[in-house]
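Hello,

I am passing a structure on to you, as promised.

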Amino acid sequence: MNARNRELLGLLPASLLIVAGFGAVFLQEQTQLDNLSLTYGAIFLGLCFAAHLIIRVRLPDADPYLLPIIAVLASIGLVVIYRLNETLARDQAQWFVIGLIAFAATIVLLRDYRVLERYRYLIAAASIALLLLPRVPGIGQQANGAYLGISLGPVSFQPAEFAKIGIIIFLASYLRDTRALLVSRKRYGITLPRLKHIGPLLLVWGLAMLMLVFIRDLGSSLMFFGGFLAMLYVATDRLIFPVVGFGLFGIGAWFFATTVGHVGDRISAWQHPFDPKLYEQIGGSYQIAQSLFAQADGGLWGEGFGQALISVGDSPILPAAQTDLIYAVIVNELGLIGGIALLLVYVLLIERGFRIAVLARDSFSKLLATGLTTVVALQVFVIVGGVTKVIPLTGVTLPFVSYGGSSIVANFVIVALLLLISDRARREARR
Amino acid sequence: MNKPIIRVFAVLLVLFGLLAYFTTRWTVIDRAELQDNPQNKRELLAQQRIARGSIEAASGTVLARSVRRSDGTYARRYPEGGLFAQTVGYSFLNPGTAGLERFYNGQLTGRTAGLEGTLRKLQGKRQQGNDLQTALDPLAQQVAIDQLAGRAGAVVALDPRNGRVKVMASIPSYDPNVLRSARQTARLNSAPGAPLLNRTTAGLYPPGSTFKVVTAAAAIDSGLYEPSSTVNGDNAIPISGVPLNNDGGQSFGEVDLTTALTQSVNTVWAQVGERVGKRRMSRYMERFGFGSPVPVDLPPSERLASGLYCSPDGNRELVSPTDSCVDIGRASIGQDKLLATPLQMAMVASAVANRGILMRPAIATRTIDPEGRTAYENTPQRFSRVMSAASAEKLTAMMQRVVQEGTGTAAALSGIEVAGKTGTAERDVINNITQPWFIAFAPASDPQIAIAVTIEKTVGGFGGTDAAPIAKAVMESVLR
């Protein structure tokens with residue numbers, strides 16, 4: 001069976017999942033089980049089919065499993081958001097359509113994605129500008145102490161979601177050129193590159209620190225910096241780089257944790273979520289404590305779809321259930337089994353990403369695929385880790401599942417890029 | 001470049017393993033701990049969405065019910081106000097739950113487990129609570145409250161044949177409806193007289209001479225004494241080396257045990273207790289229920305154990321009657337370190353009344369599910385055999401004499417034989433503050449009600465004059 005037919009077949013489980021999911025929510029909501037859930041399923045299937053056709057026409061050799069995996073994640077997200085709030089689910093569905101348009105546009109316009117290399121400094125500059133945009137007075141927004149969003153008229157979005165793609169493209173391109181130079185000089189038995197080669201990389205470290213100060217978001221900065229170190233390691237095959245990199249990040253993070261109030265608060269809320277003072281404090285540990293309580297109620301099998309206690313009357317119990325805490329909602333309703341299943345879907349996604357990186361022939365493609373995959377994986381780690389108290393909780397989205405337009409659109413672009421790399425790699429491999 | 005790519009993948013797999021481990025930790029390993037966390041209000045919040053079952057008295061009077069609010073949640077209402085406040089308890093988001101509301105929470109919220117629960121969910125039925133039926137008697141309860149007339153104290157009455165609790169009055173009381181407001185809750189928590197305290201099960205008082213019934217049961221049932229056995233009842237007989245006084249310093253000479261109980265002669269019963277000894281006293285007290293939290297269907301935090309409380313290192317703690325700190329002679333007349341809850345003393349009367357068999361006290365009788373079927377039956381259970389039927393009969397005759405011609409004549413009912421025992425514990429000798437007691441059962445030949453009454457503080461009051469009339473009125477109300 002060829003790759004595209006396998007992809008088509010892979011979409012079937014996702015469609016069944018969304019029909020069953022909406023069915024379960026309808027049952028719970030006491031409305032009669034009508035054909036509305038089938039309608040939702042059909043529309044979703046139609047969108048997936050459209051995406052499949054675009055891939056079939058433009059990228060016939062691309063990885064056949066990426067799209068079905070994304071479809072599964074998206075249907076879980078849509079059903080859970082629908083169950084939380086019908087209006088939000090409708091918004092989210094619209095964002096999916098926009099995301100698919102961005103997906104199609106990326107595939108159609110970037111027939112040869114390697115042209116991106118030519119514009120790397122422009123892309124880097126634009127990305128940094130995007131990152132700092134939320135601090136521009138008038139359009140920047142602050143949420144929970146972090147500057148992540150901007151609003152332009154009726155539309156508000158999170159530029160960091162797009163900046164992360166730009167920075168990875170830049171790094172992949174830059175590291176492709178300098179990887180040999182970075183490891184060429186040895187002093188005292190260790191690899192010690194010249195300042196002019198390491199300089200731009202130190203700049204990236206500085207940028208990550210800047211994000212901590214300006215954007216005040218530990219999660220995003222960990223995600224960027226982790227992706228950067230992964231690419232640096234893959235480019236050089238020298239363990240010293242990620243080790244020193246994490247050391248520097250740790251020092252920086254410690255420094256800002258002790259000096260920037262917002263970061264420090266987040267860390268003490270993480271360490272002592274049940275401390276009554278932190279629990280009562282606004283922006284304190286209430287959210288993480290409620291997340292853990294919700295997960296405990298889920299147990300092994302969960303309380304059942306639509307059973308999660310999100311609010312009583314008009315007062316919310318789980319703050320930001322549809323974004324930050326969506327993993328806690330899923331664990332509450334589907335239990336440990338559901339949570340692990342979701343994590344396994346992400347592991348499959350990441351595995352496909354790295355497989356593409358391994359299959360790719362040229363360094364730029366390999367680095368780009370590694371960077372994009374690592375950033376998606378770290379984003380999952382940062383938010384799920386935050387919700388499960390592995391690391392301090394920060395507000396990033398769970399890719400393809402959380403409510404959030406920018407996240408959906410940006411992640412669709414990432415998948416489109418991975419498919420582009422994959423199509424080229426597999427075609428070349430077949431020859 | 002492929003090797004480092006695979007290594008990066010491996011590192012990410014480890015990170016995902018960490019996520020899986022932490023999810024396991026919160027959902028399975030630390031689950032119970034998180035659910036018991038005092039800050040975790042999820043269960044209470046979830047219960048606001050459930051139509052909680054009602055709580056009803058024996059007559060069908062509704063003591064607690066749920067009303068639907070405009071936002072789809074339910075709120076608790078107590079139509080009878082403070083009538084059974086501490087017994088019924090409350091169920092609100094802020095103060096939480098107490099009393100029957102807490103003990104029968106699972107039944108009242110209708111937690112249906114397993115297949116039936118799944119089927120109900122599939123049918124789209126909302127979780128609905130079971131109604132709780134009790135044996136509580138609102139009319140007799142009102143009589144008890146009226147009789148206490150605002151004085152801090154407690155009245156417990158139960159059916160000795162099956163342990164069904166009919167009256168459980170604790171004064172001061174409160175209206176549970178006000179607990180909806182946080183400010184009122186805080187005010188009640190620190191209110192003088194501790195109205196939230198259920199004095200019948202969590203009030204520990206010196207039982208005074210009512211405890212002589214326990215001593216008499218041990219003395220007669222062990223075969224050491226007969227009701228006709230005589231003991232020297234002179235004043236100021238040394239007990240544990242210290243002279244013990246009779247009430248009013250009266251000397252009775254050689255008296256039989258029936259007379260000694262009728263006249264409540266301290267020196268006789270202290271000597272009897274010493275001869276029965278710590279081991280035997282300990283065994284009989286245990287059979288009556290002393291030494292462990294009073295057994296009734298209320299939350300453990302609202303039930304205390306009656307028995308001997310010593311404070312070796314400043315902290316009062318329950319000890320066995322065989323402990324070296326116990327003066328068994330004085331304990332045998334309800335003094336020294338002996339403390340008892342009113343329900344425990346009602347159990348003493350109940351065991352004698354039911355021919356030596358003590359039934360476990362029970363407030364609830366059954367729960368009824370929304371379809372009208374019995375969901376749970378609280379069948380009467382035997383707590384212990386305290387003494388032989390013959391011993392119980394002898395003791396009954398002795399206790400009848402107390403009401404006929406002794407200290408408890410104020411409890412006599414016209415046409416009904418009452419058996420009882422008075423008690424007057426000294427709380428403050430200098431200011432003449434006493435705690436009157438009365439325990440009784442009736443009719444003596446076919447007991448249907450056993451009762452314990454106490455008033456915390458009176459100025460110079462006696463069990464016979466202050467507590468016995470209350471017992472009389474309540475028994476009359478139940479037997480009418």
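Here is what I found in it.

This is a predicted model, in which local features need pLDDT of at least 70 and side-chain atom pairs count only at pLDDT 80 or more, while totals for chains, interfaces and linings use all residues. Residues are numbered from 1 along each chain as its sequence is written, and chains are lettered from A and ligands numbered from 1 in the order in which they are written.

Chain A has 15 helices and seven strands (DSSP runs numbered from the N terminus: H or I of at least four residues for helices, E of at least two for strands). Of its 431 residues, 53% are buried, that is, with 20 or more other C-beta atoms, placed from the backbone, within 10 Å of their own.

Two helices of chain A are worth a look: H8 (residues 218–236) and H9 (residues 240–259) pack at an angle of about 160°, with axes 9 Å apart (the axes are lines fitted to C-alpha atoms over the stretch in contact, and angles run from 0 to 180 degrees between N-to-C directions). H8(A) is therefore roughly antiparallel to H9(A), a term for angles over 145 degrees. Residues that meet there include Phe225(A) and Leu229(A) from H8(A), and Phe246(A) and Phe249(A) from H9(A).

Between the chains, 34 residues of chain B are in contact with 45 residues of chain A, contact being C-beta atoms, placed from the backbone, within 7 Å. H1(B) gives the most to this side of chain B, with 18 residues.

Best wishes

Definitions and conventions:
Contact = placed C-beta atoms within 7 Å. Buried ≥ 20, exposed ≤ 12 C-beta atoms within 10 Å, placed from the backbone. Parallel < 35°, antiparallel > 145°, perpendicular 65-115°, else oblique.
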